[in-house]
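The following exercises concern segments, chain contacts and domain contacts in the structure shown below. Each task is followed by a worked solution.

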Amino acid sequence: MIINRIRRRTAVGTALALAAALALAACGGGSGSSSGSASQAQAVSQSDIDKAMTTPTDLTFWTWVPNIQKEVDLFQKKYPAIKVKVVNAGQGTPQYTKLRTALKAGTGFPDAVQIEFQYIPTFALTKSLLDLRPYGAEALKDQFVPWTWQQVVGSGGQVWAVPQDSGPMGMLYRKDIFDKYGIAVPKTWDEFAAAARKLHAADPNVSMTNLAQSQAGVWFGMLWQAGVKPFETPSADSVKIDLNGDGSKKVADYWSGLIKDGSVSADADFNDAWYQALNRGKYATWLTAAWGPVFLEGSAKATSGKWRAAPLPQWDAGKNVSGNWGGSTTAVVQGTKNPIAAAKLAEFINTDPESAKMFATQQFLFPVTKALLADTSFVDRPLPFYGGQPVNKLFAGISDTVDTKFQWPPFLDQTVSDWNETVGKSFANKTDTSSALDQWQQRTTKYAQNQGFKVDQ
Amino acid sequence: MSVDTADRRLGARAPGRSQGHRQRRHGVTHGRTGYLFVAPFMLVFVAMLVLPLAYAAYLSLFQERLIGGTVFAGIGNYTRALTDPRLLHGVGRVALFFLIQVPIMLVIALLAALAIDSGLLRVAKLFRLGIFLPYAVPSVVAALMWGYLYGRDFGPFAQLADKVGAAAPKFLTPDWMLGSLANVVTWEFTGYNMIILYAALRAVPHDLYEAAAVDGAGAIRTAWSIKIPALRPALLICVIFSVIGSFQLFNEPQLMQRLAPSVIDSGYTPNLYAYTLAFTGQEVNYAAAVSFLLGAVIVIASYAVLFITTRRSRA
Amino acid sequence: MTGRRSNALTIAMAVLLIYFLLPLFWLFVASTKTVGDLFSSFGLWFAHDISLFSNIKQTVTNDGWVFTRWMGNTVFYAVVSAGGAAFLCALGGYGFAKYRFRGNAAMFGAVLGAIMVPTTALAIPTYLLFSKAGLVNTPLAIILPSLVSPFGLYLMRIYAQDAVPDGIIEAARIDGAGEFRIFFQVALRMLAPGIVTVLLFTLVATWNNYFLPLIMLNNPDLYPITVGLAAWSSQASAGGGTTGAVLSLVITGSFLSVLPLIAAFLLLQRYWQSGLAAGGVKA
């Protein structure tokens, strides 16, 4: 396995690498790992862990979760020797840019870092993340919803991070608008399209939904739901790119049809025009993730009580599948001087029952642990903004319907940037999305080849 | 008028008046002391500008790949850049921007400076400061404000257009975008240019005006035949700074990208392209080469402006 | 130059003035609104509830008074950088103007040429060099690059040429004063309007500096106000966990952040206008 070879070559000599390289032993046989070679990682012993957790240590943790100090305080209470400095280095891309430059410079990077699911392969490729298997991460697997765990596992079985929160997708809709125009909640995409056209004919100022021209995340969520596998990484230096296959084209033709005839808008999202549109009822639905309901509550106060939640419409009647949009993990940065303490921090804040529950109830992050998704005090809570509907229960159910095999490319930034300039642009200009997919495929392929990947189309 | 006397007094002290006495620089004997005076600036200059630049030049000769590491690329990055359609489009776009936005901005700045200097205005000071005020606003804030005003559905202009039954202006569409950005830049920098021109006008010797008045020249005539020619050097400064500003256009499109991401793509301006290459595509080396070529374009454009204007003044 | 006034010209200029003040008026109006009104009332007029003071309070106290810290940082970076830059420019400009030495013209030309270097070309290599020197994520990472102001040097050279007559320097030399004593005790005072001009323009440049601190600083406690506001604004725009309520903080914060610079320009206007006159005329 090439990934092991690379790992061995670059990391030999450090204690870390020894641990990482021997970790495959814990992987459970039959995973096809190079058994018998010396490349298997060795678990860090419990006494090493105990020693590390009682030695006075300063950790830096980059995260943009607001008020995460509360969860961190729980950790510090349990391990008084460890002092964690929480730093908000920006949300999403700005933080990644900083992380990358700091890693390049070799100084100033944190020990632990918040990373969204979709960026894990990107940072794993640049060897920026530490494999957590030697620190007992594999034992955590059963606590998490299976698809969220699959998202943090690398192609060689590495555990790159511990899941923090997720965003299984559903549909928030304006009940008042649906009622006014006699629209039933659509169960399939066909019904959704029919409703969209009906609504557009009745009131051209309202669109059924807004498929943002700037939101590749939603597009990937749509692909995910449709069972499309845009990327696969059979080995560390090769990538299979399929952005314009039949599945993608089906999704593309569907949306570009609705956008072209005006029944669905494609405004850029999360800017003030979009906030205003939500407040003033321009969009009858928002296809969003499980973190969406609380977000909307804070952003569209004027519409309280008018919204309801439902699952995403389906491609095949009777089926029940969804995709994911957003959600984060806690990862440990390769090169940290305190790997054990950092790994335990990642583990603790996301698996300690009190801490995990705090994420769900104080910061309103949508949980990833099976225990919380079965916790009635969480799922049964009625939300007045949604007319008293227990929205969490709905999304907890949706979480079980997310496909576990979806993979991200190891160069996500470029892929998203190219999406904006091809597919997103076709939404904005109401041009042919299908040929935009071909461009997207071509640009991504060219980039991958330029970067030295073996590309399999 | 009384408002302006303070400035006039200072203007009289300002050195610009005394065009005549360009003295010989001081003797060679003190030459070595000169080094001591310029040394602090030059030291910081070398450390903060020359050194990073040299390092960037070095970087531009390599290629670092995600798979396979760093290899020497020679001029490979440069040849790639010269045939990169996105870069060439970006350069074309900022050149267009320069040709359209800069004349408009400078004409407004010039007219405003002449109007304020003419003595025909009530509350001239209010105008002078009011027009200059946007210069003190960070571009982060300027882009935020204009972005809101441009709003397609609920921006004030759209709402007003809706009230009178007109079609909403499409500020953020591909056809309008460059104009919308030009508007933001004009808004930010007209006042700055106006102040430079106005300050230069204040320094024009007063007796020239009186002579013109004796000849019976009106305000417009005086402006055209005395004031504008006197402003030539100041205008040249404004143009050169505008060349640099236009070709380096970055903040405004970068901050407006959020509003119309499919219109402002990553190659919209060359500087934005270099930024995207470095931080999104992780192609630091290629980004360095692109930045170098952009610097070369700016130098050429600046010299072209200088060449054209000096030739015309000789003719 | 009679005392007559033109109403037509005044009206035309008033229209122009409205254009320049309109966005600022919007900013003021928007910072008086509640989050709800921000998204649902007409943009260019006040809503029913005027909540300017509660907005200010919320903005300033949000996230443990981080806004005041950002403002403090900005003032610190801007004042130190502008002061340092103005001093270096005054010293250098005087040197270039008043002394003849080998390489004078070449060095000065090199500095002027540097105005044309795109900022993004410098950002990455500067970052990498600074990180090797251990300067990243410190105030020095913002201050050091801001100390170089080629335009300031240009301005000071032109200004020094005429503002400090050679005769006075000569007289001081005859009195036996050293070169630096002449500079500090005689020339500096004559250079004051020029120095204030350079000071103000570097102050604006550092105050508005966005890109450099964005990549140099990781610690929000060190952010200047521009990066802080942009961070809040991207919180509002990134979705997931946070809410549109942040947008109201961004707007009120923006409003507060432009006030000090406007005040500085109004208070010091006498100086910078005469300082600029020199640069414009003698180009």
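**Exercise 1.** Determine how much of residues 181–201 of chain B is helix and how far apart the end C-alpha atoms are.

*Solution.* Step 1: residues 181–201 of chain B are 100% helix and 0% strand, where helices (H or I, at least four residues) and strands (E, at least two) are DSSP runs numbered from the N terminus. Step 2: the end C-alpha atoms lie 30 Å apart. Step 3: an unreviewed UniProt entry annotates this stretch of chain B as "transmembrane region"; such annotations may be inferred rather than shown by experiment, and their positions follow the numbering used here, with feature names shortened.

This is a predicted model: local features need pLDDT of at least 70, side-chain atom pairs count only at pLDDT 80 or more, and totals for chains, interfaces and linings use all residues. Residues are numbered from 1 along each chain as its sequence is written, chains are lettered from A and ligands numbered from 1 in the order written, and side-chain values use heavy atoms, without hydrogens and water.

**Exercise 2.** State which salt bridge joins domain 1 of chain A to domain 2 of chain A.

*Solution.* Step 1: the domain assignment, automatic or from a database, gives domain 1 as 46–165 + 328–364 and domain 2 as 169–324 + 404–455. Step 2: the count between these domains is 1 salt bridge (a side-chain nitrogen of Lys or Arg within 4 Å of a carboxyl oxygen of Asp or Glu). Step 3: A:Arg100 pairs with A:Asp413, with 2.9 Å between the closest N and O atoms.

**Exercise 3.** Count the salt bridges between chain C and chain B.

*Solution.* Step 1: 111 residues of chain C contact 106 residues of chain B (heavy atoms within 4.5 Å). Step 2: the salt bridge count between these chains is 0.
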